[in-house]
Amino acid sequence: MSKIDDQDWLYTISSKRKLIDFNFQEIWRYRDLLFLFVKRDVVTVYKQTILGPLWYLIQPLFTALTFTLIFNKVANIETGTVPPFLFNLAGVSIWNYFNTCLTSTSDTFKTNAAIFGKVYFPRIIVPLSIIISNLMKFGIQLLIFIAFYIFYYFNGAAIHLTSSVLFFPLIVMLMGLLGLGLGMIISSMVTKYRDLKFLVGFGVQLLMYVSAVMYPLALMREKLPKIAWVVEYNPLAYIIETARYMLLGTGTFSWFGIVYTVGVTIAVLMLGIVIFNRTEKTFIDTV
Amino acid sequence: MTILKAENISKQYRLGLVGTGTLSHDLNRWWASIRGKEDPYLKVGSVNDRSTKADSEYVWALRDINFEVKQGEVLGIIGKNGAGKSTLLKILSRVTIPTTGEIKTKGRIASLLEVGTGFHPELTGRENIYLNGAILGMTKAEIKSKEAEIIEFSGCERYIDTPVKRYSSGMRVRLAFAVAAFLEPDILVIDEVLAVGDAEFQKKAIGKMQDISRGDGRTVLFVSHNMVSILNLCSRVICMEHGKIIADGPTEETIDFYLNNQQDKIANENFKNIDSNKEISVKEFNIMSKVKTGHVFNSEIIIHSKIEVLIQIAFTISTAESQPIYQIYSGHVGESFKMKVGDNKVKIVVDSLPLVHGSYLGNLWVGTSSLTYDFHKEVINFEVQEGAIRCDGPISSKNGYPIIENANWEFYE
C-alpha cells in the first residue's frame with residue numbers, strides 16, 4: 001500500500017445524512033454482486049421442481065386463458081379485431097412483470113434483514129437485482145407470446161405490428177422502474193409498519209382491475225364514464241395500453257399519457273431512492 | 001500510520017420504541033395505561049445495564065468512544081455481554097450509523113460477523129464461494145484467482161459441488177471462514193468466529209489470522225470472549241463496559257485488568273450485609289489476579305473480629321453444578337490464626353492450581369475444631385482460564401475431570 005497523506009480519508013462513517021446519497025462508483029464496483037444475485041434468483045427459484053422454468057410459462061398462459069373464458073366469453077368484453085386470448089396474454093405478461101417487481105422489492109429489507117445486519121454493500125443492489133431477474137423471466141414469457149402471435153397471424157387474425165414496436169423495450173423499462181420506485185418506498189415503510197405487507201398483497205390485485213389489463217381503455221370510457229378517471233390517472237393503464245398498441249396495433253396511443261407516465265415514474269423513482277437511502281442507514285435498529 | 005480513527009462515537013437506542021410503532025403495540029400500550037399498568041414495552045432493548053431498571057426512555061449503547069488503529073495492528077475488543085462491542089462493530093462495518101460522532105478510515109473495511117450469512121442453501125459450495133465473496137466486497141476475478149486456495153483451506157473439496165443445505169454446520173463455518181480469510185480488505189473486522197468449528201479448525205483459523213496480521217500487514221479488529229485467542233492474536237486490547245472504553249493498552253495488561261475488574265465486583269457484592277451479631281464475620285473475600293490452570297492462585301480474606309481467638313479457615317471449591325471437589329483447609333497443615341479485635345487480613349496462596357478451565361463456586365468457613373463462627377456457601381463465583389500445568393501450552397480438553405495433577409512420568413524400555 002502506498003503512503004497516504006494524513007488528510008486523505010477514504011470514507012467517513014458519520015451520523016450526518018445527505019438527502020441523496022447515491023454513489024454510482026460504489027454500485028459499479030459491486031456489479032459482480034448484482035450479477036450473482038440475479039443468477040441466484042433465476043437459478044434457485046425452481047430448483048427441485050420437475051417442470052423447472054416451464055413454470056414461468058404456465059402462469060401467464062393459464063391466467064390469460066382464464067381471463068379469456070371469464071371476461072370475454074362469459075362477460076362479453078369486446079377486444080375488437082384482436083383475438084381475446086392474445087389480447088389478454090399481452091396484458092397479463094406486462095402486468096406480471098410489474099406485479100413481481102413490486103411485490104419482491106417491497107420485501108427487500110425484511111427478507112434480507114439477516115444479511116443486511118452483518119455486512120455492508122450498497123443496499124440498492126438487491127432491488128436492482130430483483131428488477132433484472134424479473135426482466136429475464138419476462139423475456140421468457142415474451143417468447144411464448146411471440147409463438148402465439150405467429151400462430152394467430154398465420155391463421156388470419158387481424159393483427160399487425162406498427163413501427164412503434166421499436167420503442168417496446170422503453171415501455172418495459174418504464175414498467176420496471178415504476179415497480180422499483182414503488183417497491184422501494186413500500187420496502188422502507190414495511191420495516192416499521194408490517195401492516196403494509198398485507199395491504200400490498202391485495203392492493204396489487206385491486207390495482208390490476210383499474211390498470212386496463214383485461215379490457216381496452218376505450219371500453220372503460222364508454223361503459224363507465226363517471227369513474228373512468230380512476231383508470232385514466234393510473235400510469236400503469238397507459239403503459240399496458242401503449243404496449244398493446246405497439247404489439248397488436250389495437251387501442252389508443254396518447255402523447256399525454258406517455259409524458260404523464262414518464263413524469264410519474266421519475267417522481268416515484270426519485271422519492272423511492274431518497275426514502276430507501278434514509279432507511280438503509282438505520283433500518284437494522286427498527287426492523 | 002493511523003488507518004482508522006473513531007471520534008466521539010455514541011449510539012443511542014430508544015427503549016420501548018425499538019422496532020415498535022405499529023398499531024398493535026400502540027393499542028397494547030393504551031390498554032395497559034387504562035388498567036393503570038406499566039408500559040409493557042418499557043423494558044425492551046435495554047442494553048446498557050441489563051440488571052438495573054431503566055430510569056430513562058433512552059439508553060446509550062455506546063458513549064463517546066474514541067480510539068485510533070494503526071496499520072498492521074491487531075486490536076482485540078473485550079468486555080462482558082452488553083458492553084457495546086457488537087454495536088461498535090456494527091457501526092464499523094457500516095450496518096448502522098452512529099447517533100453522534102464519526103469514524104474515518106483510509107482503507108476498505110470488511111466484516112466477518114457470524115460467518116455463513118448470505119449462503120444460499122440451494123446453491124453448491126462453489127457457487128456460494130462466489131456469492132459470499134461478492135457480498136463481502138470481492139470482485140469475480142479476485143475470487144476466481146483464489147478459488148483453489150479457498151477450497152483447500154476449507155477442507156471441503158469432496159462436497160464443493162453439493163448444495164450447501166446438505167452440509168454439516170461445521171462444514172458451513174469452515175467454508176465461510178475460508179472465503180473471508182482470503183478476503184483482502186485493508187481492515188478486517190471479526191466477531192466471535194472462532195467459537196465454532198472443531199479444535200483442529202480453530203487452530204488452523206488462528207494460524208491463518210496470525211498470517212493475515214503479521215505477514216501481510218493487514219489491520220484486524222477482533223472481538224472475542226476467548227482470552228486465549230485474544231492473547232495469541234492481538235497486540236493491543238480495548239476493554240469495554242456499559243458502552244464506554246474502560247481500558248486500552250497492551251494485551252496482557254488489559255486482560256488482567258478485565259479479569260480482576262470482573263472478579264472484584266462479584267466478591268464485593270456478596271459481603272454487603274455483615275451480620276453484626278456475629279463475633280467473627282468475613283468482611284471481604286477477593287481473588288487476586290487472573291486464575292489460570294497451573295498458575296499461582298492468590299486470594300485475600302478480611303475478617304472482622306470482636307474477640308481475641310484462635311481460628312482456622314477453610315476454602316472449599318465446587319463445580320458450577322455445586323458438586324464439592326476441592327478443599328483448602330488450614331487445619332490440614334496445622335495452621336491457625338490469632339484474631340485481634342478489628343479487621344484481620346489472611347492470604348491464601350496456591351502455587352499451582354490443579355483446576356482445569358471453567359466456572360467454579362467457592363465456600364468460605366471460619367471456625368475452630370468445635371465451633372463455626374461464620375460460613376458462606378457459594379459466596380464467590382470465579383472463572384479459571386486455560387493454562388498449563390507444565391509448560392507445553394494450554395490445556396484445551398477437560399475430559400470431564402475438573403482436577404488434574406502433574407505427575408512424574410517414567411518410562412522403562
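**Close-up 1. Strand β1 of chain A pairs with strand β4 of chain B.** In this predicted model, four bridges join β1(A) to β4(B), residues 100-105, and the two strands run antiparallel. For a pair to look for, take A:Y11: its bridge partner in β4(B) is B:T105.

**Close-up 2. Helices α4 and α7 of chain A pack with their axes within 9 Å.** Here α4(A) covers residues 84-105 and α7(A) covers residues 125-154. Their axes cross at roughly 170°; angles over 145 degrees count as roughly antiparallel, so that is what α4(A) and α7(A) are to each other. From α4(A), the residues making the contact include A:L86, A:L89, A:A90, A:S93 and A:Y97. From α7(A), they include A:I130, A:N134, A:F138, A:Q141, A:F145 and A:Y149. By class, the contact of these two helices has 14 nonpolar and seven polar residues, with no charged ones.

Close-up 3. Residues 135-154 are 100% helix and 0% strand in the model, with end C-alpha atoms 29 Å apart. Residues 198-218 come out at 67% helix and 0% strand, and there the end C-alpha atoms lie 32 Å apart.

**Close-up 4. A hairpin in chain B is built from strands β12 and β13.** Strand β12(B), residues 309-319, pairs with strand β13(B), residues 324-329, in the antiparallel sense over five bridges. One partner to pick out is B:I328 in β13(B), which bridges to B:F315. Four residues sit between the strands of this hairpin, where B:S322 takes a positive phi near 70°.

**Close-up 5. Chain B is assigned two domains.** Domain 1 is made of two segments, 2-7 and 63-258, while domain 2 takes in 271-384. Taken over C-alpha atoms, the centres of domain 1 and domain 2 of chain B are 42 Å apart.

Conventions: Residues are numbered from 1 along each chain as its sequence is written. Chains are lettered from A and ligands numbered from 1 in the order in which they are written. This is a predicted model: local features need pLDDT of at least 70, side-chain atom pairs count only at pLDDT 80 or more; totals for chains, interfaces and linings use all residues. Domain bounds come from an automatic or database domain assignment. Two strands pair if DSSP finds at least two bridges between them. Axes are lines fitted to C-alpha atoms, for helices over the stretch in contact, and angles run from 0 to 180 degrees between N-to-C directions. Angles under 35 degrees count as roughly parallel, over 145 as roughly antiparallel, 65 to 115 as roughly perpendicular and the rest as oblique. Two residues are in contact if their C-beta atoms, placed from the backbone, lie within 7 Å. Ala, Val, Leu, Ile, Met, Phe, Trp, Tyr, Cys and Pro count as nonpolar, Asp, Glu, Lys and Arg as charged, and the others, Gly among them, as polar.
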